Amino acid sequence: MRAPQDYFAADDWQQILTLADSQQPPFLLLKLDAVLAKYHALQQAFPTTALYYALKANPTLQIIDLLNQLGCGFELASVYELRACLQQGVPAQRLCFGNPIKKQAAIAEFYQAGVRLFVSDCVPDLHKIAQVAPKSAVYVRISIESSTASATADWPLDRKFGCPPDEAASLLVLAAQLGLNPIGVSFHVGSQQNHPKAWRLALSQTKRVFEQTKAAGLTLNFINLGGGLPSRYLRPIPDITDFAREIYGALAEFFPEQALNLMLEPGRYLVAEAGVVVTEVALVTKKSGNHNRWVFTDIGVFGGMTESLGEATKYPIWTRYPADVASEDVVLAGPTCDSRDVLYEKYRYRLPVNLQAGDKLYLLSAGAYTAACGCSGYNGFPPLAVYCL
């Protein structure tokens, strides 16, 4: 089990505990210095690649301000994210509309704000872009034609988004015919992708698109490498330099003499390990008819723990009990009146046997897709509060 010292210096962790004692759970604590450190690590590993933060991972305004000051770009999924970035002073030239599913009115608002970079993956969407965002640069998202990437990612993204590579080439040709500026290809190898070689497969398929469009008279020069870079939860992960070595190696192999404009969309990688969710135990009991010990917390699936669905993301959990205290397997569940609000039942966390109502649990590496994904008002529970240090 990972411990706080795996993520934070001793002084920083004490600062986190002090703030945790002054606020009513549940809430998310974010250490902005940890975000900064991750950003610099990514810059060092990918020095020739433009970084566009995937804002959906955590749209906290302080994160927008920090990354904006660093010159980072932002990959956006809605007009609401667009408005947040504009209000924080992010230049439109460092924004892109990275959601293949978008209303025409949303495209128009992005265009009117000065954004000129759009993704697409189908004919109807291209027509909408051409109508209200003329001459904009577009790149087509491909789906990865293999089960390999899906098998090594905690959250595969290969069904809802993207198109086959052969179709992508046709879409880029159509984009040119519609008066748009077709520049290249994007893909996503899956969120929390644990295998560096997944990008190599995606780049081999990207090369097919480049070759097919060149035969049709188009020259592409842009590759969006997507997101997917992992964060530390319970399992070990490769170092960021391992991913960079595989990606740059594949680029050199498949595009040996071509000058490319590269983009990376880090989300989870930048913010997950900077966050700690503090939750209070509401009830500890054994269910009649079985021997399972249930621990109910004041945060659940609807309050920000959506990545516990399917028990895909398993957060390191820390308590203030001594490390050598007696412990036992538990079922973890949330507070709402919904039978789906069970966090972990198949995977059994071991928590202290004398854990009781009122104790706090600290969920580490919880800065991504927690506060950003919580419901507003289900059973009357408010959105997850966020505090930055």
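User: Which exposed residues sit on the face of helix 6 turned away from its buried side?

Analyst: Pro124 and Gln131 are the exposed residues on that face of helix 6. The model is predicted, so local features need pLDDT of at least 70 and side-chain atom pairs 80 or more, while totals for chains, interfaces and linings use all residues. Numbering starts from 1 along each chain as its sequence is written, and side-chain values use heavy atoms, with hydrogens and water left out. Helices (H or I, at least four residues) and strands (E, at least two) are DSSP runs, numbered from the N terminus.

User: Which residues of helix 6 are buried, and what makes them line one face?

Analyst: Helix 6 covers residues 123–132, and its buried residues are Asp125, Leu126, Ile129 and Ala130. Seen down the helix axis, these fall within an arc of 140 degrees, so they line one face of helix 6. The arc is taken from the directions from the helix axis to the C-beta atoms. In general, an α-helix has 3.6 residues a turn, so residues three or four places apart point the same way.

User: What do the buried residues of helix 6 pack against?

Analyst: They pack against helix 5 (104–113), strand 5 (117–120), strand 6 (137–141) and helix 8 (165–177). Contact here means heavy atoms within 4.5 Å.

User: Why is the pair Lys56 and Glu75 called a salt bridge?

Analyst: The term needs a side-chain nitrogen of Lys or Arg within 4 Å of a carboxyl oxygen of Asp or Glu. Lys56 and Glu75 meet at 2.8 Å, N to O, so the pair qualifies. Lys56 is in the loop between strand 2 (49–54) and helix 3 (61–69), and Glu75 is in strand 3 (residues 73–76), 19 residues apart.

User: Why is Glu75 called buried, and Lys56 partly exposed?

Analyst: Buried means under 20% relative accessible area, exposed over 50%, and partly exposed in between (1.4 Å probe, protein chains only). Glu75 has 2%, so it counts as buried. Lys56 has 37%, so it is partly exposed.

User: How do you know that Arg293 and Glu328 form a salt bridge, and what does the pair tie together?

Analyst: Their side chains meet at 3.0 Å, N to O. Arg293 lies in strand 13 (residues 293–297) and Glu328 in strand 15 (residues 327–333), so the pair ties together parts 35 residues apart in sequence. Arg293 is buried at 7%, whereas Glu328 is partly exposed at 24%.

User: How many salt bridges does a search of the whole structure find?

Analyst: The search finds 17.
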